[in-house]
Amino acid sequence: MEKDFKYLINYLLGSVALLFIVVPIINMYFATDMDKIFSTARDSEVRNSIFLTLLISFVTTIVCAFFAVPLAYLISKSTSRMKTILLGLVNIPIVIPHSAAGIALLGLVSRDNPVGKFASSIGLNFIDSPLGIAIAMAYVSVPFLIVSAYTGFKEIPEELELVSRNLGATRWQTFLKISIPLSRRSILAGIILMFSRGISEFGAVIMLAYFPTVTPVLIYKKFTTHGLEYAQPIALIFITICLLIFVVYYLFGNFSKNKS
Amino acid sequence: MLDLKNISYNIGTFSLKNVNLKIENNEYHILIGPSGSGKTLLLNIIAGFLKPISGNVIFNNIDITKLPPERRNISYLLQNLALFPHLNVYQNVYYSLKFKKLSSKEKDILVRKYMQITNIEHLEKRYPANLSGGEKQRVALARCLTKQPELLLLDEPFSAIDTILKTDLKQILKRIKDSGVGIIHVTHDPAEAVNLADRISIIENGNLLTANSQSFQAEVPVSNFMAKFFGFKNIYQCKIRDLNTIELIDNTNVKRIAIERPAIFNHDCFVYIPPENIIVSEAKLLSSARYSLEAIVVSVTEDLDSVILECDAGISIFAKISKNSYIDLNISPGKKVWISFKVSNLNFI
């Protein structure tokens, strides 16, 4: 009996945690007037903002993948103590406040800094530009891709890569023909995670680029200038988009599990 | 073909110590040793997966010690086979040809040739997850062969397959050897060694001893060695007395038997008599093709479907008989029996 009672406590405590996560979202769906949602969806400022957010996050994710995936591979193959240090470094953006990350990036790309000066000299402007939004999104979201790809690479049995080399493939060919295909699900899952984390970034983005306005910044702008009533429909539309991406990720994960 | 010179390697507390081994062209060489003796480690060094801390790997008179695996014309069949799970059978077998400058047609011909040799043509579109153990084994072997190596490394190739498939695979391996490929076959099972080997090396705790050489016989007291490391029965030191007489020596016990030995064994060697090839009877079997010895049953060990008898015939001889025979003969310790075996069942090592 005592055991059953303790098990019931698990249900109760777990339900509280679940409701805490779900109720604010559900409440928002019920509290927002449908007409307002439709009129907001027709608003060109909102539509442009959502399109810009999705586009920048998508391009950023794809570009970052070319750098993040090789890094994840190298970390997974590292046998030295550097592996732990590298993994720690990669996760820094996750553990620091995103507004602080934005300040750090701003310090680096501002025109007072040699990096910023150099970028400016070749025509690259990070402040209040899509490029600034991109690096802010990339900085805070790329760890998700690296860690996911790292997990995928780590799960590949070493023998498969050794056999590939025994059969005539160089290390690079083995990476392309064995390691990447075998960890493609983890890499794709990481890409989806990075993309969805990128579109929802606010703290780091606002430090570098208030304009052009990405959706999280637009929600904040509407809230501070017009109040909750005007911010809520945009937030609701954006949450729906994020949830759809989450559903894709979830279905993808389940599909992968079933296939494997 | 292959010459290992003073190869040493340390891993944790284990070390390979100054291993020297020569493999001739077209040789089927078996490397026997108990688990953890360094067999696989040695294959990994030959394949280039590991670099020895000292010594040289010479292949066709070229020092390949520092050559990466992909530049060695050596194929390696790993114990766990390591088939690529995302590629189907055809693609697995084709893999090594991706890196060769041949036309698509030539590549296809090669793949089909080796799929035919290993009897896997019907599995072409199947993925490794949908193959049986024996099928996987043959696919992995075909994949190794498509590379057209000069030397094939086999790590416990019979470990995960049943007796019928073993026989098939042995025939395939013999054909491969006959086609001019050298083979190093790692195993812990002496029966495999006897059936397939041109030469045998024994590896114990990182030390390598090569059979069919004076040094091996001088250094290894065979009956003790085999008993200790393989738990295998009926392996005797064999002294040649004359053309028709040999002495089988089990520890200090000597049994002189008159048989016509193969002419190639003109020096002292070892003899292995598989326990399942020994017939036990109450009366002497009258056959000129058989050698019979009177013996006393010392102990009886029942297995699932067979019974192992330890018999004292001057030397200790083990016989494996069926449960039905055991019941029919009403055998118990102390009973006098006749044990007989065909002369062709004597395996000279």
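**View 1. A:Phe126 sits in the loop between α7 (114-121) and α8 (130-154) of chain A.** Helices (H or I, at least four residues) and strands (E, at least two) are DSSP runs here, numbered from the N terminus. This is a predicted model, where local features need pLDDT of at least 70 and side-chain atom pairs count only at pLDDT 80 or more, while totals for chains, interfaces and linings use all residues. Residues are numbered from 1 along each chain as its sequence is written, with chains lettered from A and ligands numbered from 1 in the order in which they are written. Why does A:Phe126 count as buried? Because it has 24 C-beta neighbours inside 10 Å; the scale says buried for 20 or more other C-beta atoms within 10 Å of a residue's own, exposed for 12 or fewer, and partly exposed in between, with C-beta atoms placed from the backbone. Setting aside neighbours within four places in sequence, A:Phe126 is in contact with A:Val109, A:Ala119, A:Leu131, A:Gly132, A:Ile135 and A:Leu208 (contact: C-beta atoms, placed from the backbone, within 7 Å). Look for A:Arg111 too: it is 15 residues from A:Phe126 along the chain, and their C-alpha atoms are separated by 9.6 Å.

**View 2. Helices α3 (residues 44-77) and α11 (residues 184-199) of chain A cross at roughly 140°, their axes coming within 9 Å.** Axes are lines fitted to C-alpha atoms, for helices over the stretch in contact, and angles run from 0 to 180 degrees between N-to-C directions. That angle makes α3(A) oblique to α11(A); under 35 degrees would be roughly parallel, over 145 roughly antiparallel, 65 to 115 roughly perpendicular, and the rest is oblique. The crossing is right-handed, a label for the near helix being turned clockwise from the far one by less than a right angle (anticlockwise gives left-handed). On the α3(A) side, the contact residues include A:Leu54, A:Phe58 and A:Val69, and on the α11(A) side they include A:Ile191, A:Met194 and A:Phe195. By class, this contact has ten nonpolar, five polar and no charged residues (Ala, Val, Leu, Ile, Met, Phe, Trp, Tyr, Cys and Pro count as nonpolar, Asp, Glu, Lys and Arg as charged, and the others, Gly among them, as polar).

**View 3. Helices α9 (residues 158-166) and α10 (residues 171-182) of chain A cross at roughly 125°, with their axes coming within 10 Å.** That makes α9(A) oblique to α10(A), and the crossing is right-handed. A:Leu160, A:Glu161, A:Ser164 and A:Arg165 of α9(A) meet A:Arg171, A:Thr174, A:Lys177, A:Ile178 and A:Ser179 of α10(A).

**View 4. In chain B, four strands make an open antiparallel sheet in the order β2-β1-β4-β5.** Two strands pair if DSSP finds at least two bridges between them. At the edges are β2 (14-23) and β5 (62-63), each pairing on one side only. Strand β1 (residues 2-11) is joined to the antiparallel β4 (residues 54-59) by five bridges, and B:Lys5 has B:Asn56 as its bridge partner in β4(B). Helix α1 (residues 39-47) of chain B packs on the sheet, touching β1, β2 and β4, with its direction at about 120° to that of β1(B).

**View 5. Chain B meets chain A through 18 residues, in contact with 15 residues of chain A.** The chain B side has ten nonpolar, four polar and four charged residues. As for chain B as a whole, 39% of its 349 residues count as buried.

Terms used: Contact = placed C-beta atoms within 7 Å.
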